[in-house]
Amino acid sequence: MKAFTQLEGLVVPLDRANVDTDLIIPKQFLKSIKRTGFGPNLFDELRYKDPYDESNPSAQRREDPDFTLNQARYLGATILLGRENFGCGSSREHAVWALDQFGIRCVIAPSFADIFKNNAFKSGLLPVELPEREIDALFDRISAGESLKLKVDLEDEKVWVDEGRCVSFSVDPFRRSCLLDGLDDIGITLQREDAISKFEMTHRQAQPWLFNEVNL
């Protein structure tokens with residue numbers, strides 16, 4: 001998993017509440033458990049004017065120029081600005097994978113669905129909760145035509161929203177530590193690899209019949 005310490009990046013807005021995981025990555029694209037290939041279909045129903053044709057998946061499709069992720073001014077954005085209850089709906093991890101593969105490393109919103117938030121931490125994407133008034137102010141700046149860039153500092157748990165002004169956020173200490181070190185659940189387990197190997201060796205010696213090693 002990619003570590004997350006600090007990120008300074010362009011912000012792309014998605015000004016709608018209750019964005020669910022089916023909107024983030026529709027169900028027809030959940031055909032793989034590999035963490036690759038989902039970026040092109042992030043927000044598929046919003047990004048394209050033509051519906052996805054499962055019988056011809058490589059067909060050319062027209063992008064909707066009104067959708068923010070398709071607009072040139074947001075090209076290369078790494079921070080998504082959202083509204084309350086972001087990531088609600090089903091528990092699919094693919095939603096986080098699609099955001100990450102599109103290039104989004106951080107989502108800032110007033111609130112997140114719990115399962116989405118947990119999946120985000122486990123996949124190296126940082127969900128940042130800020131007060132709604134701060135979110136409103138950021139949307140206003142973008143609406144006024146500003147090309148908004150923010151600095152997100154996980155170490156200090158601060159978002160620098162303007163020159164000389166930052167807003168604090170809080171992250172569960174365990175999740176914060178894992179993100180800073182780039183450790184997912186497997187990585188955390190592998191930190192105890194020596195102890196696991198020692199246990200397996202002792203277990204094998206004590207109960208060899210469980211490993212088909214009994215000499216008859």
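## The hairpin of strands 5 and 6

Strand 5 and strand 6 form a hairpin in which four residues lie between the two strands. Within that turn, Glu-157 has a positive phi of about 55°. Strands here are DSSP runs of E with at least two residues, while helices are runs of H or I with at least four residues, both numbered from the N terminus. Asp-153 stands opposite Lys-158 in strand 6.

This is a predicted model, in which local features need pLDDT of at least 70 and side-chain atom pairs count only at pLDDT 80 or more, whereas totals for chains, interfaces and linings use all residues. Residues are numbered from 1 along each chain as its sequence is written, and side-chain values use heavy atoms, with hydrogens and water left out.

## Neighbouring strands

Strand 6 (residues 158-162) is also joined to strand 7 (residues 165-168) by four bridges, and these two strands run antiparallel. Lys-158 has Ser-168 as its bridge partner in strand 7. Strands 6 and 7 form a hairpin with two residues between them, and Gly-164 in the turn has a positive phi of about 85°.

Strand 5 (residues 149-153) is joined to strand 1 (residues 6-13) by five bridges, again in an antiparallel arrangement. Here Leu-10 has Lys-149 of strand 5 as its bridge partner.

## The chain as a whole

The protein chain contains eight helices and seven strands. Its C-alpha atoms fill a box of roughly 80 × 50 × 25 Å, taken along the principal axes. Of its 216 residues, 44% count as buried, a term that means under 20% relative accessible area, with exposed meaning over 50% and partly exposed in between (1.4 Å probe, protein chains only).

Contact means heavy atoms within 4.5 Å. Among the contacts with a separation of 6 or more, 65% come from residues 24 or more positions apart.

The largest nonpolar core has 58 residues. Such a core is a set of buried Ala, Val, Leu, Ile, Met, Phe, Trp, Tyr and Cys residues joined through side-chain atoms within 4.5 Å. The residues with the most contacts inside this core include Phe-43, Phe-86, Leu-99 and Phe-116. Helix 3 (residues 94-102) gives the core its largest share, five residues.

Phe-116 belongs to helix 4 (residues 114-122), where Phe-116, Asn-119, Ala-120 and Phe-121 are buried. An α-helix has 3.6 residues a turn, so residues three or four places apart point the same way. The cover over the buried residues of helix 4 includes helix 1, helix 3, strand 4 (126-129) and helix 6 (173-181). Leaving aside neighbours within four places in sequence, Phe-116 is in contact with Thr-21, Ile-24, Phe-86, Gly-87, Ala-95, Val-96 and Leu-99. Helix 4 is followed by Gly-124, whose phi is positive, near 85°.

## Asp-20

Asp-20 is placed in the loop between strand 1 and helix 1 (21-24). Asp-20 counts as partly exposed because its relative accessibility is 28%. Apart from neighbours within four places in sequence, Asp-20 is in contact with Cys-88 and Gly-89. Asp-20 and Trp-209 are 189 residues apart in sequence and 50 Å apart in space, C-alpha to C-alpha.

How values were computed. Two strands pair if DSSP finds at least two bridges between them.
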